[in-house]
Amino acid sequence: MNKRLAGGLIGLFIFVTLFLAANVALSADVAVAPRPELTTQIMVVMGVLLFAILLFIFEWVRVDVVGIMMMVILPLLGLVTPKQAISGLSSNAVVSIIAVIIIGAGLDKTGVMNILARQIIKLAGKSETRIMALIAATVGLISSFMQNIGAAALFMPAASRISKQLGVPISRILMPMGFCAIIGGCITLVGSSPLILLNDLMESWWNNNMSLLGGKAFEPFGLFTVTPMGLALLAAGILYFALLGRWILPAKEAKDTGLMSKQVESLYSIRVGKRPFELEVPQDWKPKTIDELNFRPEYRATIVGIFKPKNKKLVLSPIREDVIEPGDDVAVFGRQEDVERAAREMGWHLKDDLEFFAEMLSPNNCGIVEAVIPPNSKLVGTTLRELHFRKTFGVNPIALNKGGKIIRRNISKMKLKAGDGILLLGPWEKFHFLKKKGILLFTEDLKGELMRPEKALPAVACLVLALVLALGFHVQLSIALLTGALGMVLLRVMSIDEAYQSVDWMTVFLLGGLIPLGLAFETTGAARYIATSIIHTMGQVTPFMLLLIIGLLTSFFTLVASNVGATVLLVPLSMNMALQAGADPRMAALVVGIAASNTFVLPTHQVNALIMRPGGYKTIDYVRAGTGMTIIYLVVMMAMLYFFYGISS
């Protein structure tokens, strides 16, 4: 589907809606509120909405610029007040996003997300489909008791780490995760804002229409009334991406997952190789130290790690006194032909891929960088062996660059001079430590960051505090999450500057502009005008068909207005319609609450906006994947109403 076709479909949908709203006659079969007058303000806000959608589709400007444009255009046209125009930046949703991103960054910085990523990889292996399904299912279930935006934001660091470690494009993970986070809010009555409001809205309508209901007492929905529906929708979403993901998700190449940057690779790879290999030592091997093996001089390759299967001990940057024993696995960096010769002559088994070293030697945790010795460095005039370089700094010297000549043999015995380059392999945190020492100057920016595992418990405590405040004491979500984010700073999990840097401000301004657009859609009467006009056209319908129409109507409104606004508007309207059609008003309200999460076609939902930049998505990607998801959502919802909730056709 190309951009013009997508834009045409959305434009056609809006045109048909407006046509119906403006031209159909009032049906006498349905007693609902009279249709509001089609005012100039309603027509203008429709034009602004169409303009925003076209900007999204054709990408004439960046998406955050669209948000800023809405904050400027809407008050200039008199559709909202200036205060309302910028209210999105201080809204509960936007502040919650900022806070939860900071909490997620703190958890990532302390290694908590590394542990989570490790467990997911252990369960899912290297299968892209299994990884996607496991992450999506986990986030979906967490969203059943936590706001979906929070669940998605918390898992983004783990998804990013898994993407880098396994070479799976992040675009293949984040959209299924985001969609399932939205769907997961339908598993319990506290999982999404529309469902949280549902019982209150229903009770208010019920009390106002008691005479028409024959004095029947109101029965609120229980916490798990929606659980069968939510689980079915979540399973359908995961199955949708598992079967069709390769066609509907962006077909982007995985980012470079090598340990070297392009710059370092172009300079060194021909002489030293590009990647590490894993070799298994046979059981009949006679134990030898690395020094006794004389491995680097003989094979021009470097042993960079040893795994001891007996005690599950993994040693990165082994020293020359370390012993290689029968059954050990050894990580070696060098040219493939050199490593193959070493394996052949020593009788070691060369594995097809990294196994025990897959995580430790992934680009997410480890890298190969070039560093230059400055004139004032304590390395000048010494050798790597004299400094016990590996033992002291925890990184592997791979090669020396002396005056443009790359040397691999006997580099530990060579006198170092100012200006010499050293090619190093090791964990990112070790490189950050070396940079702080000032004895080496790195030729490029270091990836990764200095981890703070000692702050893991305080970081988790901040998350738990935020959840307890929100779920246990019913503190407003933004305040609860801000408390957790503030705790991260006060407990020195991260600095305030690091907290600011972790926030994706593009997402903030995108949402800040979309919120007043939804507000204008509601306050001008445009939402009520379209809803009541469509209702007036239906005539007498069956209960099943009525609920389908309500589901379609709600799904449209959640794309262009807030899901809360759509719910507040449509719950009383739908219950009135159900009463006149002889259907259960409670089921009509339930359909509104569930369908308010059917918002996948545009990046207007908070979760969709959150993942847009990290996933590298464009609006067309949401149209492509979201169209099918929207249809499946409606089909599964109606099927569950028919077979599980007993709604007849």
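Two strands count as paired if DSSP finds at least two bridges between them. Strands here are DSSP runs of E, at least two residues long, and helices are runs of H or I of at least four, numbered from the N terminus.

**Ground rules.** I am working on a predicted model, where local features need pLDDT of at least 70, side-chain atom pairs count only at pLDDT 80 or more, and totals for chains, interfaces and linings use all residues. Residues are numbered from 1 along each chain as its sequence is written, and side-chain values use heavy atoms, with hydrogens and water left out.

**Entry 1: the sheet.** I looked up β1 (residues 276-280) and found it antiparallel to β6 (residues 329-333), over five bridges. Pro-276 sits opposite Phe-333 in β6. I then traced the open sheet of five strands: β4-β3-β6-β1-β7, with antiparallel pairing. β4 (313-316) and β7 (349-350) are at the edges with a single partner strand each, so one side of each has no neighbour in the sheet.

**Entry 2: rings.** I searched the whole structure for aromatic pairs and got 18. Rings of Phe, Tyr and Trp (its six-membered ring) pair if their centres lie within 6.5 Å; planes under 30 degrees apart are stacked, over 60 edge-to-face, the rest tilted. The centres of Tyr-240 and Phe-241 are 5.1 Å apart and their planes at 65 degrees, so this pair is edge-to-face. Tyr-240 is buried at 6% relative accessible area, and Phe-241 is buried at 3%.

How values were computed:
Buried < 20%, exposed > 50% of the residue type's maximum accessible area, 1.4 Å probe, protein only.
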